Each structure stands twice: as structure tokens, then as C-alpha cells.
Amino acid sequence: EKQMKFDFTADIKHAQLQQLHLLSDSTLLATDFLLKSNIVSTPKEGYKGSLELYQTKLYFSDTTYNIAQFYATLKRKKEISSLDIQSDFLTAQAQWNIITKKMNDYILTRLNPFYSYLPTPAETSFPDSTYVNLYLTTTDNTLLNHFLPKTTILGDSIQIAFTDTPQNNILNINIIGNSISIADNIFKNPRLSATQVSNTEIQIDITADTLENNLLLLNRWNSRLLCFHDTVELSSSWNETDSTMGSNLQAVVHFQPQKPLLPQIVINAVPSYFTIGKKIWYLNDAEITIDTQKTILKQFIVNHDDEYIYANGNLSQRKEDTIHFVVNDINVGDFDDLIPSYKISGLANGAIDFSMDSNTFLFDSHIDIDRFSVNNELLGNLTLKSQWLPQDKSLFVNFYSKRGKLTPVKAVGNYNVTTKALDFNITLSKVVL
């Protein structure tokens, strides 16, 4: 009861960690390792000692990864704990003067002035002299990527520096990498910097040389978040490729009382602008409210002169609740970059309705595009109707064009978003391919 000691050597062969529920959603099938442990734990000092892994092999479904050595040392001396990790792929040094088992309470207490909707810590009072420092560098993220969500991929290396000294209002976090991919968004040379600017304010800056996905390539992308008293002031700016015109979007996010640990979120857009191609689009002061019952969107407008997209309504589990979008005189040629090798033109008008039914998103759209052309071939006035079929997880599409008495293009069918399968009947009449 007063002291626990783990002093042993173990030779492990083909351990299947999923069977022990130590890992989930991983492609790791089994592992071999030689483990040497010399760890002591006492109520007053917490854990201290060393842990060594040798001859480690991780058998994934698509590859085998070898770790020659992983060595971790945890020391406790005069109320100060220190951790040192040395390995093939990661090195880290940390130092703190809190008993390890109280670290969770300390983190919650530190974050409470900025965001109060967190679990109540068992202990909320810590000495002014409390501090935490951490420095971590990865040199090969191949192994780490196997344990991250499939939508997240780290580049070759990551550096993390963390310093927290509440007595001097110091909280600094710096993260540097050569690339990070999140949900197919690739950040080149990303940087994250978080700095405490007062007792109740933290400023977070996130930058990247480029932000690229399947649709866009943004240069000099950066976002700033100022967090204080359950409020976040957000601004994000960037330049598009081959464009000197910039973009700057702003919003204020408020977290308001609703349920324990689950606040209502109110997002107020600040009038701002962004660039697509050579056009500057303006965003009005729309409001979005998200709570446990519904999402409410009020007076959302994005416009460039007479071109605009308008949205208003609410979304809930009631099928009758709808967010209604209106599209007015949108020049589809502005979106050429989204469809490589094709030049399109025409003016789009119409409506799109979003709703929900039993946790399933539904939508119905009817868009008309006047004088629609592809690569300078006039197809006429195009009508596009689409509807989401939740039972099939597919999108039903019906579109056709009229050019005088001709119907140059007519297509009816389904697109399955799960299997990426197309099932269409397409009729062409006097179309120059």
C-alpha cells in the first residue's frame, strides 16, 4: 500500500494488443519486444524509474516496423519530476514539479479561465511556483502515422516546445512541422504558437506556407484565435495562387450555458471578404447557433455585386425544419479551377434545401444555369435537380439542357458516395465532343 515496485524483464512474442483492448481501430496485428522495467511508485512522489524496450517489431497489415531501442527514464528529486525519452523515432525531455497523479487537475484548473465548460477538478489550488516544461522531437513519423486516424498524416518530423509558468502568466506552446495532412487538407511547413497574453487571454496563431486540398491551393495561410471568458475571436487570411488579392474571414464564437460540459455555441460572422479567382466576395454579419436541439442559421449572405448566395432557417431532428439556400446569378465560370481541363460558363439560379430525419442529412436542390457551355460548346439552358437518398447512401441526379428545340444533354442516375459508383443513363444529341 505504501510502495509499488515493478522490477522485471519480459520477453514478449507475438502479442496481440487488440485482444487486450489496449488498441482499437489500428492495423497493428502483433508485436515482439524485450521489456526491462525498474519503476517505483509511492503516494508522495508518484512514479520514478526506467523503462527499456529492445528488439521491438510491430507487425502491421501492410508492413513490419523495427525499433532498435526505446529508453524512458522518470526521476523525482526534491519535488521535481523529470522525464527523458530516447528512441529511433522520438526524443523528449520534460520537467514538472507537480505530483503526476494531480496533472489532470492542474490542466483543468489552468484552462478554466479561458473555457469554463470543463469537468470540475478535484483540486483547484496549486502553488505559484508550479511549472511544466516539455520538449519533443520526432525524426521519423512512419510509425506514429499508423496509430493516428486515417485522415491524419504527419510529415517527416515534428518539434514541440511547451512551457507553462502560471506565476508569471507564461503559457507558450510551439509546434513546427514540415507537413501535416488532415482530412485531405495538406499544410506545408505548418506552425502553431499559443501564448498567454494576460490572466484570462490566450492567443493562438496557426500558419502554413500553403494549404492545399482537392479544390484549392492557398498561399501564406494563417489563422489567429484569441480565447477569453468562453469566447473565441477568430480571423483567417490567405492569398490564392497567382493572385495578389488576399482574403480575410472573421468571426466571434461564444460558448453559453446550456448543459453541464455541453455549452450552446453561437457564431457571429464579422463582415469580411475572400477571393475566388479575381473576384472579391463579401460575407455579412450572419449568425449560427448550435445547441442540443437544433442548428439555427440567420441571414447568411455571400455576395459579389448582383451575384449572391443567401441562407436562412434551422436544422433539427424534425424533417419539417429546413435550411433554405438561394443561389442568384452565380457565374459558374468562377469555379473553373475546381474542374481541371474544363472551361465552363453560365449563370446559375435556384434553391437548395437541407433537413434531417433520424440523424440522417437530407437535401433537395433545383438549379437552372442559363447559357451553360463546356469548353466553349454551348449546351443551352441547363436544369439540374438532385436529391439525397439516405436508404441507398446515394445522390439522385437528373439534369438536362435545352438549346432551342434540341436537348443536347440528358442524364439521370445515382452516385453512391460510399462505393464511388456511378449508375447513369446519358443521352447526347448533336454535341461537339
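T31 sits in strand β2, which spans residues 28–42; strands here are DSSP runs of E of at least two residues, numbered from the N terminus. The model is a predicted one, so local features need pLDDT of at least 70 and side-chain atom pairs count only at pLDDT 80 or more, while totals for chains, interfaces and linings use all residues. Residues are numbered from 1 along each chain as its sequence is written, and side-chain values use heavy atoms, with hydrogens and water left out.

With a relative accessibility of 3%, T31 counts as buried (under 20% relative accessible area; exposed is over 50% and partly exposed in between, with a 1.4 Å probe and protein chains only). A polar atom of the T31 side chain lies 2.9 Å from the backbone oxygen of K57. Setting aside neighbours within four places in sequence, T31 is in contact (heavy atoms within 4.5 Å) with residues including I12, H14, L17, K57 and Y59.

Then there is K48, found in strand β3 (residues 46–60). K48 counts as partly exposed because its relative accessibility is 30%. Beyond residues up to four places away in sequence, K48 touches N38, I39, V40, L74, K75 and R76. Its C-alpha atom is 9.0 Å from that of L83, 35 residues apart along the chain.

Further along, β17 (residues 246–259) and β18 (residues 262–276) run antiparallel, joined by nine bridges; strands pair if DSSP finds at least two bridges between them. Q250 faces V270 in β18. Two residues separate β17 and β18 in a hairpin, and L261 in the turn has a positive phi of about 65°. β18 also pairs with β19 (residues 279–283), antiparallel over five bridges, with T275 opposite I280.

Note on methods
Helices (H or I, at least four residues) and strands (E, at least two) are DSSP runs, numbered from the N terminus. A polar contact is a pair of N or O atoms within 3.5 Å; within protein, one must be able to donate a hydrogen and the other to accept it, and residues adjacent in sequence count only if both atoms are side-chain atoms.
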